[in-house]
Amino acid sequence: MAETLSSGSVSTRLQRIAELARRRPRVVISTLAHCIDVDFLREAYQRTRKDGAVGVDGQTAQQYARELEGNLHSLLNRFKTGTYWAPSVRRVHIPKGDGSRTRPIGIPTFEDKVLQRAVAMVMEAVYEQDFRDCSYGFRSGRSAHQALEFLRERLMKMKGGWVAEIDIEKFFDTLDHGRLRSFLDSRVRDGVLRRMIDKWLKAGVMEEGQVSYSDLGTPQGGVISPLLANIYLHEVLDVWFEDVVAPQMKGRCFLVRYADDAVIVFEQESDAREVMGMLPKRMEEYGLRLHPEKTRLVPFLRPSLFSGPKGTGGGPGAGTFDLLGFCHFWGRTRKGAWAIKQKTAKDRFNRALKRVSEWCRRNRHLSVPEQYRQLVWKLRGHYGYFGVIGNQRALSRFRYGVLFVWKKWLSRRSQRAWISMDRFRQLLERYPLPEPVAVLCVHRRQRSLDLKSRMR
């Protein structure tokens, strides 16, 4: 079996590993590291971002590439012999939410990223056969928009329901190493891979020249971290909910999870409240804690069916909830039918506009053509994610906000740099920012239905 798995191209090896894991879903796999050779590391190098921030050693991807073959052979030898030393990750902080808080990000060295990518490729081939369909985050062939599409379709079929928003407080910082090792033991016991994962968990974090160590967490920003997080929550949440909780519910229910962001939808209020009482205990059992303010139960029944007090959604009693940067609410279609709509969530809108404003402030010394080029790139990126059908108004507001902050900071380039509206309009004729376009239809797969008869 070892010769079979280690022969052929990299893609062939990964397919064989996946097939082995698929045929033996309950079998522990103990020989995988032999699949990683120089060709495998070369493929991992190709899949590693070259424009990312540098780690504690300051080495860039371009510097590593100058002696690529020698570096890969050396890396393979150290990996196989167990002499590879996992360097500490460099911690930086990025704004979170409204900007009043920050999110810690761990940046590995470039060589460490390559090795993490190689190990992740092998591990993913195994665990992709085990992960549930409710999981969408950081998985090949799956995206946030697919999660949103699935959520909307199921909610429409159920005519709404009770939505439990789940927010795990500081998940990546509190993931328990001991529990993670026990989860890995049930599927992968390859000594070389497991030793390497342990080294990454113990590598430590460097911040302001000081290195600290912890028995909890896996740094956000590491290549291997999303996979380890998915393995952890696969056992803690996905398997528990689908195999233990869902069969006991009176009505229909389903889970949608993207990394550590998740919602659970219930048809019956009693089921929803029962599970909301169980969730904190389940999380505490595995060293996790639900955010007391962001974890909540939202009534999201179709407005015409809701008999409770008046709410905040698209009709009487219909609530709203956020997932993956979108606010979900009930609204009327052009034909008068009730439908679930999605718009840019308020916090994501404000955060994105604040980042553009900060960029304009810091780069107001650049030439107008260069600023224009960068702003076009930022707007198209925003449209690319938030450009779903029905979100046109929020996209237009964002473009207007970008125009406002661009004019503001162009007028502050110097004491004589103030720009009148007439002059700014002339500038926009030469450098027109792209108009918002809804390029995605999250619910494009919805079947042809007589919505008016069903949504009255």
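Where does helix α11 bend, and by about how much? The bend falls at H234 and comes to about 50°, within a helix that spans residues 225-245; a bend here is the angle between axes fitted to the seven residues ending at a residue and the seven starting there. Helices (H or I, at least four residues) and strands (E, at least two) are DSSP runs, numbered from the N terminus. Of the 21 residues of α11, 17 are buried, so the helix is largely enclosed by the rest of the structure. Buried means under 20% relative accessible area, exposed means over 50%, and partly exposed is in between, with a 1.4 Å probe and protein chains only.

A word on the basis of all this: the model is predicted, with local features needing pLDDT of at least 70 and side-chain atom pairs counting only at pLDDT 80 or more, while totals for chains, interfaces and linings use all residues. Residues are numbered from 1 along each chain as its sequence is written, and side-chain values use heavy atoms, with hydrogens and water left out.

Now for the sheets. One of them is open and has four strands in the order β6-β7-β3-β8, paired in antiparallel fashion; two strands pair if DSSP finds at least two bridges between them. The edges belong to β6 (253-258) and β8 (296-301), and each has a single partner strand, so one side of each is left without a neighbour in the sheet. On average, neighbouring strands in this sheet are turned by 20° against each other, direction ignored. For such angles, axes are lines fitted to C-alpha atoms, for helices over the stretch in contact, and the angles run from 0 to 180 degrees between N-to-C directions.

Strand β3 gets a closer look. Eight of its eight residues are buried, so β3 is largely enclosed by the rest of the structure. Six bridges tie β3 (residues 160-167) to the antiparallel strand β7 (residues 261-266). Across that pairing, I166 sits opposite A262, and V163 faces V265. Towards β8 there are again six bridges, also antiparallel, and W162 has P299 as its bridge partner there.

Two helices lie across this sheet. Helix α7 (residues 144-157) lies across β3, β6, β7 and β8 and runs at about 165° to β6. Helix α12 (residues 269-285) lies across β3, β7 and β8, at about 10° to β3. Back at the β6 side, the loop between β6 and β7 holds A259. This residue has a positive phi of about 60° despite not being a glycine, and at 8% relative accessibility A259 counts as buried.

The other open sheet has three strands, ordered β9-β10-β11 and paired antiparallel. Its edge strands are β9 (321-323) and β11 (338-344), each of which pairs on one side only. From one strand to the next, the twist averages 40°. Three bridges link β9 with the antiparallel strand β10 (residues 326-332), and D322 has C327 in β10 as its bridge partner. L324 is buried, at a relative accessible area of 10%.

Which residues of helices α15 and α16 meet? On the α15 side they are L403, W406, K407 and L410, and on the α16 side M421, F424, L427 and L428, where contact means heavy atoms within 4.5 Å. The two helices, α15 (residues 392-410) and α16 (residues 421-430), pack at about 115° with their axes 12 Å apart. That makes α15 roughly perpendicular to α16; angles under 35 degrees count as roughly parallel, over 145 as roughly antiparallel, 65 to 115 as roughly perpendicular and the rest as oblique. The crossing is right-handed, a label given if the near helix is turned clockwise from the far one by less than a right angle, with anticlockwise giving left-handed. Also in α15 is G401, which is buried at a relative accessible area of 9%.

Finally, there is Q220, in the loop between β5 (210-212) and α11. Q220 is buried, with a relative accessible area of 19%. Leaving aside its neighbours within four places in sequence, Q220 contacts R103, P104, I105, G106 and F172.
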